[in-house]
Structure formats: structure tokens, C-alpha cells
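Please look over the structure below before reading on.

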Amino acid sequence: MSCRETKNLLNPYVDGELDSAGSLSVESHIQRCASCLADVERLHALASAIQSGGLRFTAPKRLKRDVNAAIRSASPRPSRSLFDWRWATAFASLALVLVLGWTLATKWTRSSEEAGLVNDIVSSHVRSMMANHITDVASSDSHTVKPWFGGKLDYSPPAKDLTEQGFRLIGGRLDYLDNRPVAALVYQRSQHFINLFVWPSNDAAIPQQDQLARQGYNLIHWTKAGMTYWLVSELNLKELNECARLLKEE
Ligand SMILES: [Zn+2]
């Protein structure tokens, strides 16, 4: 296996999602490739850091001590007032520091969750092509694909046929992302495959639309009418954007 092929498989490999043949070919490659081996070690370290929760930020005890010391040195004479403004200010500063730390920590968790989801989406896309399992139902007819999901999912994903616009619907597949079964609709543009993942989401914190590139794949994401959409392909961003635009049209 080449380096590029191996690197595409490292995330699912570290997550234990590869079949034994896949794991074996990754292992035989990393025995002779220092670069891929280093990547595996980094991924293992990241996974265990996230699991141990050691990434959560807590304000160090030293900070509290330093704040108190700074206040003491700034006020040589003790105040006689019952309500000491300096102490109030100190506590307010400390509270602010703690709140800031907590906000940073939640933001970090949120973006690392999103990064995890993006990796899962890319892995699903790569796996669907490598394992020769791109569709569970193969049809370019949206009247066949759409009802196929009925009974398998508790929502009805759109299955828009874009053959005339150059993006041929070739079928659908059940996949598992974001801790739930999701619909994957598969389109083809010349020799390139495009996976469209769709599932219900009313998370207002997720940006309305963004696009990014990961491991040589382009991703476009948007939300609409309570559903979240992720488009992923090795197709260039311009054509993938065109596909997204057509999918969003009423
Ligand atoms: Zn390599």
C-alpha cells in the first residue's frame, strides 16, 4: 500500500474500525514507514489525551496565590472597612479568570468534537469506496432510493436526482455518524464519487455553512430545515460547491 492510501486509513485504524485485512496492510506498511508510524503514535496520544480528560483547562492554584499576593503587596495597611473593595475586586477578577477558562475549555471540547466528526465523515467516505460497499440500494431513481430508507431511519432524507445537471444519483446507504444511523446518498461525477450524509439536527451552534479540506478530500457542510448535510468527495471544490448549490435548491 502507498503512503497516501495508508494515511487515509490511519484514523479508522487507530479507532479499531478496520477489518483484519485492512489492519494487516496498515501494520505491514508502518513497519517500514517512519512517517506513517509517527502519525499512528500521534493519533494514539491524541485519543488517550481526549479520553483521560486531561485537556480540560482549570485555573492553576498558583494563579489564586499570585492574585492574593499582588493585592497584599498593593495594600500595606489593612482596611478597617467591613466590606473591602479590594477583596471584592480580587474575587471578581478570580471569577472572571475561572469563567474565561471554562469558556475556553468548552469551546475547545466543541471544536475537537467537530474535528472528530469531520474525521469520521472522511473515514466513512474512504471506507465506502475501499470496501466496495458504496451503496446498499443501487438506483438512479429517487423514487426507489427515498422509500428504501423508510423503516431504517426515523426521518426521511431527500434523494434528489441531479443526473441532468451532471451529478448522477447512484444509490443510498445506511451509515453511522454522530452516534446515530444516518443516510448516505451517493452521487457520481465522471470517475468521482460523492457521499452526501444527512441527518436531523437542531444544533443552532453549528455554523450555517462551511467548507474545508481534510486528507485530500473536500467537505461542504450546511444546515437547512432542521437537517444537517455533509458533502464529501475528492472532487474539486468548485464542482462540489455546484453540487451543494443544486442540492439546496427547492
Ligand atoms: Zn507511509
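The points below are grouped by topic.

This is a predicted model, in which local features need pLDDT of at least 70 and side-chain atom pairs count only at pLDDT 80 or more, while totals for chains, interfaces and linings use all residues. Residues are numbered from 1 along each chain as its sequence is written, and side-chain values use heavy atoms, with hydrogens and water left out.

**Helix H7**

- Helix H7 spans residues 237–248 and has 12 residues; helices are DSSP runs (H or I, at least four residues), numbered from the N terminus.
- From first to last C-alpha, H7 reaches 16 Å, close to the 16 Å expected at 1.5 Å a residue.
- The buried residues of H7 are Leu 240, Cys 243, Ala 244, Leu 246 and Leu 247, where buried means under 20% relative accessible area (1.4 Å probe, protein chains only).
- These residues cover an arc of only 165 degrees around the axis, which puts them on the same side of H7.
- Asn 236 caps the N-terminal end of H7, with a side-chain oxygen 3.1 Å from the backbone nitrogen of Lys 238.

**Aromatic pairs**

- The structure holds 3 aromatic pairs, counted when ring centres of Phe, Tyr or Trp (its six-membered ring) lie within 6.5 Å; planes under 30 degrees apart are stacked, over 60 edge-to-face and the rest tilted.
- Trp 148 and Phe 149 have ring centres 5.0 Å apart and planes at 80 degrees, so this pair is edge-to-face.
- Phe 149 is buried, at 1% relative accessible area.
- Trp 222 and Tyr 229 have ring centres 5.1 Å apart and planes at 5 degrees, so this pair is stacked.
- Trp 222 is buried at 2% relative accessibility, and Tyr 229 is buried at 12%.

Terms used: Helices (H or I, at least four residues) and strands (E, at least two) are DSSP runs, numbered from the N terminus. The expected span of a helix is 1.5 Å times one less than its number of residues. Buried means under 20% relative accessible area, exposed over 50%, partly exposed in between (1.4 Å probe, protein chains only). The arc is that of the directions from the helix axis to the C-beta atoms. A polar contact is a pair of N or O atoms within 3.5 Å; within protein, one must be able to donate a hydrogen and the other to accept it, and residues adjacent in sequence count only if both atoms are side-chain atoms.
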